Amino acid sequence: MSILILSMSFLILLYNFFMFGKRLKELRTENDVTQKQIAEILGCHQSMVTRWEKGECEPTESVIKKAAVYFDVTADYLIGLEDETGAKIK
């Protein structure tokens, strides 16, 4: 039973991990912001933005917060816990 719970927790973490990059890219392109521009806003190098969008690494909490503020969305939306309407995803 505990292995099943750990497996489900891992899958949720993995989903949220990839969702940030997907949502960041969507918001960035919808708002005509380049990777270089968002990197400057988030205080990182452009290569990190590329890696997040490809799902190669996970952003820090402070990056998620800065991106949420910049794009005027919730951190939960960026990591896949909310949909576009703000409804929690179950």
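**Helices, rings and a charge over an aromatic side chain**

The charged end of R23 sits over the ring of Y77, at 4.0 Å from the ring centre; such a placement requires NZ of Lys or CZ of Arg within 6 Å of the ring centre and within 35 degrees of the ring normal. The model is a predicted one, in which local features need pLDDT of at least 70 and side-chain atom pairs count only at pLDDT 80 or more, while totals for chains, interfaces and linings use all residues. Residues are numbered from 1 along each chain as its sequence is written, and side-chain values use heavy atoms, with hydrogens and water left out.

Of the 90 residues, 32% are buried, where buried means under 20% relative accessible area, exposed over 50%, and partly exposed in between (1.4 Å probe, protein chains only). Among contacts (heavy atoms within 4.5 Å) between residues at least 6 apart in sequence, 54% join residues at least 24 apart.

An α-helix has 3.6 residues a turn, so residues three or four places apart point the same way.

After helix 4 comes D72, with a positive phi near 55°. D72 belongs to the loop between helix 4 and helix 5 (75-78) and is exposed, at 70% relative accessibility. D32, also not a glycine, has a positive phi of about 50°. D32 is found between helix 1 (2-30) and helix 2 (35-42), and is exposed at 68% relative accessibility.

Two aromatic pairs are counted, taking rings of Phe, Tyr and Trp (its six-membered ring) with centres within 6.5 Å; planes under 30 degrees apart are stacked, over 60 edge-to-face, and the rest tilted. The rings of F20 and W52 have centres 5.9 Å apart and planes at 85°, so this pair is edge-to-face. F20 lies in helix 1 and W52 in helix 3 (residues 46-54), so the pair ties together parts 32 residues apart in sequence. F20 is buried at 1% relative accessibility, and W52 is buried at 4%. The rings of Y70 and F71, with centres 4.9 Å apart and planes at 80°, are edge-to-face.

Methods
Helices (H or I, at least four residues) and strands (E, at least two) are DSSP runs, numbered from the N terminus.
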